[in-house]
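Subject: Structure handover

Hello,

Here is the structure you are taking over. Please look through it before reading the notes below it.

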Amino acid sequence: MYDYLIVGAGLFGAVFAHEATKRGKKCLVIDKRSHIGGNVYTEKIDEINVHKYGAHIFHTNDKKIWDYVNQFAEFNRFTNAPIANYKGEIYNLPFNMNTFNKLWGVITPEDAKKKIEEQKKTAGITEPKNLEEQAISLVGIDLYKKLIKGYTEKQWGRPANELPKFIIKRLPVRYTYDNNYFNDKYQGIPIGGYTAIIEKMLKKCDIRLNTDFFQNRDELEKEANKIVFTGMIDEFYKYRFGVLEYRSLNFDNEILDVENYQGNAVVNYTDRETPYTRIIEHKHFEFGKQEKTVITKEYPKEWKKGDEPYYPINNERNNELYRRYKELANKEENVIFGGRLANYKYYDMHQVIASALKSVKEEFGV
Ligand code: FDA
């Protein structure tokens with residue numbers, strides 16, 4: 001008999017499992033996929049660690065979380081500095097002095113500020129009604145047209161003037177020549193990939209892959225005193241109130257016979273016509289010098305039941321639905337719900353680790 005059945009070998013499940021085994025508990029970890037790691041899974045292809053479920057850059061401001069994750073791996077000095085390709089024109093992201101210089105020729109922060117203000121004034125939007133108006137009211141028409149519109153429409157599969165404005169609450173604008181995407185104090189990529197971290201976390205657990213909880217629920221429930229569930233909360237309750245919606249993605253990997261394909265780990269394609277939103281060149285996460293390269297094109301797509309759920313759509317309908325499922329979850333005595341699917345929430349890695357450690361504290365008191 002196990003103390004815990006942990007459904008999902010992603011970051012939440014792995015952190016919980018690690019902490020539970022450290023406290024002498026017996027854990028069985030299952031995953032319906034053929035590998036551990038959930039969405040942070042990396043796989044070695046031609047000596048390159050490939051982020052199989054999209055680019056994963058670890059960043060946090062929290063020293064405790066940084067120290068926590070560093071016990072499982074050494075991190076390199078990778079800094080995320082993505083670039084945007086708009087019909088062959090290259091711009092730096094996030095919007096900063098390099099972007100403004102390329103766009104308008106301005107050199108000083110003062111001139112850039114003036115230009116943005118001028119653009120906002122020309123647009124004359126005081127009460128934005130949709131995403132398009134919201135974005136224009138925040139940064140003006142030029143940035144919107146070249147760097148926001150096409151990318152956002154591809155991401156969400158709808159015209160920007162039909163998208164709700166809450167998707168863009170703010171657009172970070174920086175008046176320095178700093179291309180570092182994140183503002184956090186700590187950032188990097190684990191040398192050797194993320195899968196090695198999860199392996200270490202799960203070292204003392206029994207693991208069963210290709211095992212879907214819902215295919216064998218009754219039997220599995222009998223194997224442990226408690227369940228830690230990191231799958232979809234609506235599926236756990238047999239969709240009794242309805243289905244929570246997501247956006248999905250397709251990842252198209254290619255191995256190329258060139259040493260360096262695009263000169264950067266992440267290049268966003270911000271026009272509407274290119275069907276993918278970005279190309280990832282994985283070797284650049286670890287400053288690789290291999291003879292070949294692996295690239296991944298990321299295609300956003302509609303989600304339907306059975307597809308991989310990537311981004312929760314936190315609109316009013318879904319949030320209300322989630323609230324009802326959460327009410328049921330709160331009444332469970334022997335099930336702990338955690339992670340992005342059970343909490344129906346977009347978490348970055350540092351946030352999911354923090355949330356798992358919080359559950360550990362609630363469960364074990366220390
Ligand atoms: P995760 O999905 O990883 O794990 C859940 C596991 O449960 C999965 O392995 C699944 O197969 C399994 N499961 C589900 N149902 C099951 C069932 N019925 N039976 C058995 N197993 C089941 N974060 C960040 O900090 N920096 C970044 O750069 C990025 N980049 C990024 C890109 C993209 C495209 C996405 C979608 C996400 C990111 N993230 C990110 C976020 C990061 O991926 C996220 O924080 C963690 O993967 C969340 O870990 P979880 O354990 O919550 O879920």
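The notes cover the fold, one hairpin and the surroundings of the ligand.

This is a predicted model: local features need pLDDT of at least 70, side-chain atom pairs count only at pLDDT 80 or more, and totals for chains, interfaces and linings use all residues. Numbering starts from 1 along each chain as its sequence is written.

The protein chain has 12 helices and 16 strands (DSSP runs numbered from the N terminus: helices are H or I, at least four residues; strands are E, at least two). Its radius of gyration is 22 Å, close to the 21 Å from the globule rule for 366 residues, so the chain is as compact as a globular protein of that length (taken over C-alpha atoms; the rule is 2.2 Å times the number of residues to the power 0.38). The C-alpha trace spans about 70 × 50 × 35 Å along its principal axes.

Strands β6 (residues 83–86) and β7 (residues 89–92) pair antiparallel over 4 bridges (pairing needs at least two DSSP bridges). They form a hairpin with 2 residues between them, and Lys87 in the turn has a positive phi of about 45°. Tyr86 stands opposite Glu89 in β7.

Around the ligand there are 35 residues, of which Gly8, Gly10, Gly38, Gly54 and Gly339 come nearest (a residue is near if its C-beta atom, placed from the backbone, lies within 6 Å). Helices α1 (11–22), α11 (339–342) and α12 (349–364) each supply at least two residues of this shell.

Regards
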